[in-house]
Amino acid sequence: MNSQAPVMNGQQTPAVGQPYTRNDTACHDLSFRVRDLNLWYGKNQALNNLNIDLFQKNVTALIGPSGCGKSTFLRCLNRMNDLIPSVRTEGLVEMDGLDVNAPKMDEVALRRRVGMVFQKPNPFPKSIFENIAYAPRMHDLVSRKAEQEELVEKALRDAGLWNEVKDKLHEPGTSLSGGQQQRLCIARAIAVQPDVILMDEPTSALDPISTATIEDLMDKLKEKFTIITVTHNMQQAARVADYTAFFHLGEIIEYNDTKVMFSTPAQKKTEDYISGRYG
Amino acid sequence: MSNTFDEISQQLKRRHRKSSRLKWISMGALGLAGLFLVLFFADMLNKGLPAFQQAYVKTELNYTEEATTDARKAIAEELVPLVSRTELRTIPLEMRNDESMIGTSEERWLLVNSEADQYLKGHRHRLNEEEQAAIDERVESGQVSLRFNTTFFGTGDSKIAESAGILSAVVGTVMTMIVTLAISFPIGVMTAIYLEEFAPDNRFTQAIEININNLAAIPSILFGLLGLAIFINFFGVPRSSPLVGGMTLALMTLPVIIISTRTALRSVPDSIRHAGFGVGCSRWQVVRDHVLPLAMPGIMTGSIIGLAQAMGETAPLIIVGMVAFIPDVSATFTEAATVMPAQIFTWSGEPEQAFVEKTAGGILVLLTILISLNAFAVVLRKKFERRW
């Protein structure tokens, strides 16, 4: 699959080195286009020549054994890897036809459009209201109190948390249960109205019921947002994802429609992994 | 080969003995340290508490015309040797300042000289039996008694033991600390924020880091020399002033504040920073809105402890001339001033017996302030400690 353009939905996306335009009919619903992406932590190469197209308003799951680079790849999409000094990347990550690694791309602007939900729920140690209102206020999306309240309610409703917290908006976000905290983090991410939400193993720290709630939520959110999620849980990928990419040792072994991937994997490695032989 | 319980417990006995031996040694060390602390406090309280009392004599003052030049004329003759020279000096001054006093009379408690004061407190003195008997008589009648020493807390230094007070040193310390805090807190915190949150990790920043850590271990008298050479000789800051003292102590406090601020920043979990970056905060917004509020209790604690350390510092202030004789209380930044430890140092060199208790009393005041500051730091940390 490496170094050759992936074929998706029967459409051929432009090959490596081919000019890319937004009007290209083959990729009008593209969210990210990744070509020849390599990444090193110091001297260790963590990502090896990745090529993948990620589609809008879909859930894409990245699966693979520990240390295969799926989280690292996810963080390339909103340049969170910039925070790690030893990281060096090469290759193209394009969003809306713009190279996200270009010098003139502001990572703050990028992260405004590509939100992120982390493995461990990490609400700000502030009130529930502040957790959500902070970022939109910072981005000047809202200013007046009434607008903020409206936006907080909308974000909490979208995250399916409103009924549980509407009476305690001014209590600290950290007082909620783990699953609620994670939905609060999702609400916080959607409050800035991004295009893409990256989720880095969002349910790995949660109990099965909270996990099911968040999976349902992802299903609803994909109507408005592009969701790219990393998961250790293959069943979860099978349940929520429209597309799945299988990572192994820093390479994308297989990328396909989830149903196809889980029923008739093209690669031996994929088959071994999803049937539980390793990983 | 497996061991029986007997064999295992045989082995364990030796281990248990060893651990209990270590436990006793460490408890002994703790007990010894505690004992010294108790001895120190007992000695200081024993020597210093008498300084908070002072012998006063109640007498009728006749503000006659003669008394404007010679205060002895205002007091009953037999009391004159008992009354402090300070009172004899200030009464005519008061009368000259307020003419309407002349011709009136009033009953006042006057300071008793230090010899009689020391005699009353049971310390070493140079009074003969006759004088002692006279004082005892007056104590019986209630004319002479030990009262709360307002002079000690209300005046500046004096060469006359009974009228020496610590107020000018307390005011000097407050002024100096204001300067120290105003300089070292913002610079220290900003430096730490830069080093911890913004600076790339390269040779240059590592060198800075090592130097800051070494700076904290430099003998404080060197900071005094630096202050003398740069602030006084080069920039011409007034010598002996709280300004130069505060600037010098600020140099000394800076590394403490930088190191404690960095520790506080480092203890904020990265997940908070990631959350901030994840919603599109710039680096400065992450620091200002999310990291600093969480680190603040730690920063405050470190700064208060650094300040307390500076407050107890004498050596660098000797070099910049803050060990000065300051009889007047003046709250300015540029006039000569002294600070509490320097005042204690000055008193400890006085030959008169009465200054022994002044020295110990000064130490008690300083210790009280330092302990309250440290307690305040602990309260602050407990109060604002947040969980995440």
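Start at the interface: select the 18 residues of chain B that are in contact with 20 residues of chain A, contact meaning C-beta atoms, placed from the backbone, within 7 Å. On the chain B side, the elements giving two or more residues are α10 (270–278) and α11 (283–311); helices here are DSSP runs of H or I of at least four residues, numbered from the N terminus. By class, the side of chain B that touches chain A has eight nonpolar, seven polar and three charged residues. Nonpolar covers Ala, Val, Leu, Ile, Met, Phe, Trp, Tyr, Cys and Pro, charged covers Asp, Glu, Lys and Arg, and the others, Gly among them, are polar.

This is a predicted model, in which local features need pLDDT of at least 70 and side-chain atom pairs count only at pLDDT 80 or more, while totals for chains, interfaces and linings use all residues. Residues are numbered from 1 along each chain as its sequence is written, with chains lettered from A and ligands numbered from 1 in the order in which they are written.

Next, select helix α6 (residues 167–198) of chain B together with α11(B). Their axes come within 9 Å and cross at roughly 140°; axes are lines fitted to C-alpha atoms over the stretch in contact, with angles from 0 to 180 degrees between N-to-C directions. That angle makes α6(B) oblique to α11(B), the class left after under 35 degrees (roughly parallel), over 145 (roughly antiparallel) and 65 to 115 (roughly perpendicular). To see the contact, show residues including B:Phe185, B:Val189 and B:Ile193 in α6(B), and B:Val291, B:Ile299 and B:Leu307 among those they meet in α11(B). The contact of the two helices has 12 nonpolar, three polar and two charged residues.

Move to helix α13 (residues 340–348) of chain B. Seven of its nine residues are buried, so α13(B) is largely enclosed by the rest of the structure. Buried means 20 or more other C-beta atoms within 10 Å, exposed 12 or fewer, and partly exposed in between, with C-beta atoms placed from the backbone. Among the buried residues are B:Met340, B:Ile344 and B:Trp347. Their cover includes α6, α12 (315–319) and α14 (354–384) of chain B.

For contrast, pick B:Gln206 in helix α7 (residues 203–215) of chain B. B:Gln206 is exposed, with 11 other C-beta atoms within 10 Å.

The mean for chain A is 87, and 90% of its residues reach 70 or more. Residues 1–28 of chain A have pLDDT below 50.

Definitions and conventions
Two residues are in contact if their C-beta atoms, placed from the backbone, lie within 7 Å. pLDDT is the predictor's confidence in each residue, from 0 to 100.
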